[in-house]
Amino acid sequence: MGMKWYIARRIAWTVFATWLALTITFGLLALSPSAGELQAAQQAAMQGGNAEEAKENYQERIGLDKPFHERYLDWLVGIVTLNWGWSISRQQTVLTAIGNAYPYSLQYILPSTIFTTFVGYGLGLWGGMHRNQPSDYAGMVIAFFGISIPNFWFAIMLILITGVWFQDAAVLGVALQPFKLPVFYDSDVPISQGWLSVANIKQLILPTVVLSTASLAAQMRYSRAQVLEYVNSDFVKTARAKGGSDAYVLFRHILRVALVPLTNILVGTVLGVVFAGSLIIEQVFQIPGLGQLIFKGITNNDTALVLGPVLISTFLVIFGNLIEDLLYTVLDPRVDYSDR
Amino acid sequence: MPKGDKETPFQRRKVLQTAGAIGAAGLAGCSTNTDATEEPPTESDSGGGGADETASPTEAAELTVGGDMVYASLSTPSSLNPYRVSDTTTSARINKILDYPGGASDSETFDPGWFKSWELSEGSTKVTYELHEGLEWGGDYGTMTAEDVVYTLNNVLLLQGEDDWYGHTDTDFYYIGPDSEPVEYEVTGELTFEATLPVSKANWLHEDPLLGQWWLPKEFVKPYRDAGDADGMDKDSYITDAVYGNGNLGPYEFDNWTRNSQMAFTRNDNYYRREKIGEIGDRDYTESPYWETLTYQQFDESSTALSALKTGEVDLAGIPDGKVSNFRGNQSTQLYESPFDNGVFWLNLNHRANGWDPIRESRKVRYAIGNAFDPDTIIEEAYNGLAVPLRTFHPSWGPYYPSEDKLTSLPGDIEKARSQLEAGTSDEYGYEGDQFHGPDGQLELSMVRTTGNPSVEIASNYLKQRLSELGIKSTIEAKQWSTLLQDYAMNSPDNVEGEPDWSIGSFNGGPWDQSVSNEQWDIMLGLGFSTSPYAPWSAVRSTLAEKGTFNLWGYTQDEYDIQEFIGNASTASSQEEVQSQMTEMFSFISKDMPFIFTSSGYNVTGLNNSVVGLPGEKTDDGYKATSYFQTINEAQPSKLYARKQE
Amino acid sequence: MSGENDYADLTFRNLNLDEEEESTNIQVTAGSLGQILTLGLLTVGYLFDYLVVTENTSMFAYMGSPVLAAWDVSSVDWMFMYTLALLLFNAVLPLYNNPRLTGYYWRQFRKNRLAVFSGWIVIGISLMGLLGPILFDPPTLSLTDAYLPPVGITARPEGTPISGVWKYPLGTNHQGQGMLKLLVYGARVSLQIALISTLVATGIGAVVGATGAFVGGIVDEVLFRYVDVQSVFPVFIFLLYLVYLFGAELYYIILIFGFFSWEGTARLVRAEALQRTEEAYVQASEAAGASRSWVIGRHIIPNVSSTIVTVATLILPSFVLGEAALAFLGFSEPGTFSWGTTIAGGRGSLSTAPWISTIPGFFLFFFVLCVNSVGDALTDAVDPRGESGE
């Protein structure tokens, strides 16, 4: 009974926090003039007309002259009924825009997350078991490389090397041309040749690599810390004393316990890194994904377009936290929320 | 950018340009300057339906239809709505699906488009239009009729004030004459209609806004008009999915628009020009367009675009000044350079009350600033030599450019600048050691510039350093284009106490002391104008006359009444007369130097080697052959492209 | 109290409590006195510069002093001085006063040889940033010297081969500014960004975390519910938006970074502090009548300081990289010499003039890598669950 109550309260909290974040965003965006308004004003000025008047006319036509609370309520109702507004800069509904953009983002974020999790975790486990030895250091350098390098620089370098240089160069007599990767992301490829086609995968390699390196270290750090925590504990010492090898000890005993905080990172941190990092990657590789969507929305004053993705990301993170905490109880029987 | 043999009415109208916004085409005129990898220059040559589909006169037989063309573009179109076009990127894209109604192939001759003929009456007060037969709309709207045109005119374009349900922004162009009366349009037949001008306009062929206007079927517009629902019409899929282009009205049909990525078009087999116009003059449209598909690939990061050009993943890209030298000698690309951009960029100076007074008061002070700015070094270093120096509001290759001895030059000499500064300012100002002091201490000037353009950035940083050599401190602010327009360029009498004596518009809210901008500024970089070199009257009148629509600097002088002068010059009896008058004017402008004229940019395009210019050349207007590209690798001028024959 | 030998006679009967001086809560040590004086002086200086001295004039020139007359102290500079002062008195001094603890940490830390090596690099770069701008003039534009390669190297940035010259040992960028000077000044700016933002973030986080843990109850609930909301807020987007609205100035950026990055710290500090609140010395302190803020400030925070320090070193690099990302997007303050701006400015020339982006890129990379490494080692060093058996 306590558990169900806890879940209910958490869900209620999720909804509330999402609403709060959204309201703040709405408030902020309402403070700045909308794209259409600015356009109308500028066009009028260009013709030698009256910019102020044009702005007012525009507002009247679109309904921006209604009082704040009315606009807010309209918008809230719209959110719930899935009418998320019209994006002026993209000339489509916000939902369509998000729907179109999301697959492009997902197709490199998902593989990247999986890669990061496994490789990062593995590096951390290894490093923890061999603390302060050269292999630990090597692991650390690899992981930290990603978070120490400016993403955009790394991305552009990779493009130059694998895209441009490979085309003409040869190393040790082997022409590198077959290994050449596309310089930018052609959004037509997944549609005309399939999302899982070789061509599409080829153009996703670089973005995925750049994104992965960015979040590798976080995973590694946590898993290494977890291993360190348990590597000297009694049950591990016992297992070792009984003759278990390193690998055995690792997999049978430490891993299960150490998995708990893994969920912590998997949902929370990675999402965070990914949403900011992806903007830069999408900008450099020209992937028409969510990062670009939001960025263009901001620079074009396209209010509706920014609110939609903020809603999604906020919700995902809060919801993710909830799942994390629930997973905790499954993985670690000592944890129980029923008395909270 | 090359204007080709005709300047579309669309471009002619709009005047203001930016040198700043990569990713936002100029709101008017010829879009941004050379540094942005802009829309491929062939874009705006659209009087005849787009450059890439007009064929060469003699060797058309060698070219075959086929292949895919990919253009790299750094700017985004704002929509596919033919009624809401305010920038050249959008108009260039829509132009792929819809031809223009017509143009002028030289000063007298009408060049047909949708209109088969355009006749101006004897007294220049009536125009008769005739549409081609069999122009088909996309969707189920049948053929284009005169009714369609006039309906749009009377129900969308001409409306003002309360009745204006749509809010179309180009209305003013249809109101002409000293009393701003509307042109009146009347249907006279299935395919013909007539316009009655309230005043006589001998030059109307070059001023008729209808030649640069698009419209949609009456059946489509009517329901929205009756309901007063502009928003609904804008969101109708007929517009948003460009269904209107599926007839035979343009060279291509719209295929898809993946926002932030690509816009793709496919060849329209039914393109009306092939049958209805065919061969005309020395142009042959019978097989155009020559590409099977045409795709605009958007890039936000210009280095990626250039890498793509190198590897052949895009076929055409504009090349920023700083990178041109990298492409010279590149094996897989060929470069086309054109010095004939008609945009002029200069160092704007604020003559209004919220600037530094000596700028307005003294020519010498302006010279001093000009010497500090040193335009020749800027061209050499910041633009890599890829710009044409200017000393007045006219490009140096234009017909009205004064001779060198009639122009004021700025050698970039700091010593001279120092003495000019001292001479031009009152006793309150003077040098204290190395610093130039005024009543408030060391003089400080505020500069504002646009973002996103490396050349502008370099120029502004250079100026700051040079000013400090002159003993003047300066601060630089970088603003987005729209903020720049709104808070610095536009000015309002509300910012000054009292009522203005007169007020023209948002860019000229009143005399220099009665209307100022929201933000204080002294120097502005990144904002320029287009000059219409062959008909510069309106450009000069709207910017340099005291009551000019675009006189945002608040510039005035006592020697000429510019408005009157231009009026006389533009209607002078002979070309020589016009020439000598305009040249005199430009010489004066150079001497008075309201702002520091810098340069007119080049336009450099890189093309993949597999693309060739169509052979043969021709142009039949004042721009002459030089308005076409001259390749660097090859000596022949050419402008039009098709795939090389294997 | 009265005379010297009174202690012998002191019994409860003749102890007159009312006459006793009230012991003040402020224990005045040399350290805290120094801190108050320094911070006070800085505050006065800042107010003077902000309110009295005309804009864009050097404070020193205004006062007629020939020394330092060229230095117009910027807001970022003031914040940096505050930060350095706070660090000196609250981090360096306590370490100095506690040799035993410091020694312990050092021995633990030393075990990670990589970290020690990294530490020296961090110190080296920091010194370069602190002292360099004092020794060198700022980089100047020289359009005719643009795109020079580093000395000893011949390259073709613009088609024709050019060789480097000694005047610009590391070459020049697209505006002809010397790379070496850009590096040095960039180190200063990056250091400023890093330290100030980190201090703000960890400072707020520590206070919030400790307060929530110690006070508990509804204060804890409210504070940490707010932390939840803030942590889901897409900060980067928010940052972009604010910069877009208000203009790109370095001190906004630094402050926004600081104000929106403290949630992680708060959570971690809270977890640690929760353990401490039950300890005997805290309870004793409370019993002795100490106020809450006293307990938090004097007992809890110093004892979770190890956590605070490790968190600080872990978030510090993200600020430097964040500024580089902003510069790439065009949202950073124009004209700063930060490494991020230099790298972003050279990104278009990576194939022809790679030194422009790569040299500061490497420095940035090493700095961040080393800070990460040090931070990680510190985490190990202060972690009582570690392997060592001290």
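In this predicted model, buried residues account for 55% of the 340 residues in chain A. The secondary structure of chain A consists of 13 helices and four strands. Of the contacts in chain A between residues at least 6 apart in sequence, 70% link residues at least 24 apart.

Chain C has 390 residues, of which 48% are counted as buried. Its secondary structure amounts to 16 helices and two strands. Here, 71% of the contacts between residues at least 6 apart in sequence join residues at least 24 apart.

The interface of chain A and chain B was examined next. Contacts involve 42 residues of chain A and 48 residues of chain B. The size of an interface is often expressed as the accessible area lost when the parts come together. For chain A and chain B, the buried area is about 3600 Å². Carbon and sulfur atoms contribute 53% of that area.

Polar contacts between chain A and chain B number 13 residue pairs, counted with both residues at pLDDT 80 or more. Two salt bridges cross the interface of chain A and chain B. A:Lys180 and B:Glu313 form a salt bridge through their side chains, with an N to O distance of 2.9 Å.

Over all chains, the structure contains 19 salt bridges. Several lie within chain B. B:Asp592 and B:Arg363 form one, with their closest N and O atoms 2.8 Å apart. B:Asp592 belongs to helix α19 (residues 575-592) of chain B, and B:Arg363 to helix α12 (residues 363-373) of chain B. The pair therefore ties together parts that are 229 residues apart in sequence. B:Asp592 has a relative accessible area of 7%, so this residue counts as buried. B:Arg363 is partly exposed, at 26%. Both residues also belong to a network of salt bridges that links B:Arg363, B:Arg366, B:Glu559 and B:Asp592.

A second salt bridge in chain B joins the side chains of B:Asp376 and B:Arg391, at 3.3 Å from N to O. B:Asp376 lies in helix α13 (residues 375-382) of chain B. B:Arg391 sits in the loop between β19 (387-389) and α14 (414-424) of chain B. The parts tied together by this pair are 15 residues apart in sequence. B:Asp376 is partly exposed, with a relative accessible area of 35%. B:Arg391 is buried, at 12%.

B:Arg360 and B:Glu361 form a further salt bridge, with an N to O distance of 3.8 Å between their side chains. B:Arg360 is buried, with a relative accessible area of 16%. B:Glu361 has a value of 58%, over the 50% cut-off, and therefore counts as exposed.

B:Phe110 and B:Trp118 form a stacked pair. Their ring centres are 6.2 Å apart, with 20° between the planes. B:Phe110 is buried, at 14% relative accessible area. B:Trp118 is buried as well, at 9%.

The pair formed by B:Tyr271 and B:Tyr272 has another geometry. The ring centres of B:Tyr271 and B:Tyr272 lie 5.6 Å apart. The ring planes meet at 85°, so the pair is edge-to-face. B:Tyr271 is buried, with a relative accessibility of 1%. B:Tyr272 is also buried, with a relative accessible area of 1%.

One aromatic cluster includes residues of chain A and chain C. Chain A supplies A:Phe145, A:Trp153 and A:Phe154. Chain C supplies C:Phe362, C:Phe365 and C:Phe366.

Methods: Residues are numbered from 1 along each chain as its sequence is written. Chains are lettered from A and ligands numbered from 1 in the order in which they are written. Side-chain values use heavy atoms; hydrogens and water are left out. Contact means heavy atoms within 4.5 Å. Buried area is the accessible area (1.4 Å probe) that two parts lose on being put together, summed over both. A salt bridge is a side-chain nitrogen of Lys or Arg within 4 Å of a carboxyl oxygen of Asp or Glu. A polar contact is a pair of N or O atoms within 3.5 Å; within protein, one must be able to donate a hydrogen and the other to accept it, and residues adjacent in sequence count only if both atoms are side-chain atoms. Rings of Phe, Tyr and Trp (its six-membered ring) pair if their centres lie within 6.5 Å; planes under 30 degrees apart count as stacked, over 60 as edge-to-face and the rest as tilted. Buried means under 20% relative accessible area, exposed over 50%, partly exposed in between (1.4 Å probe, protein chains only).
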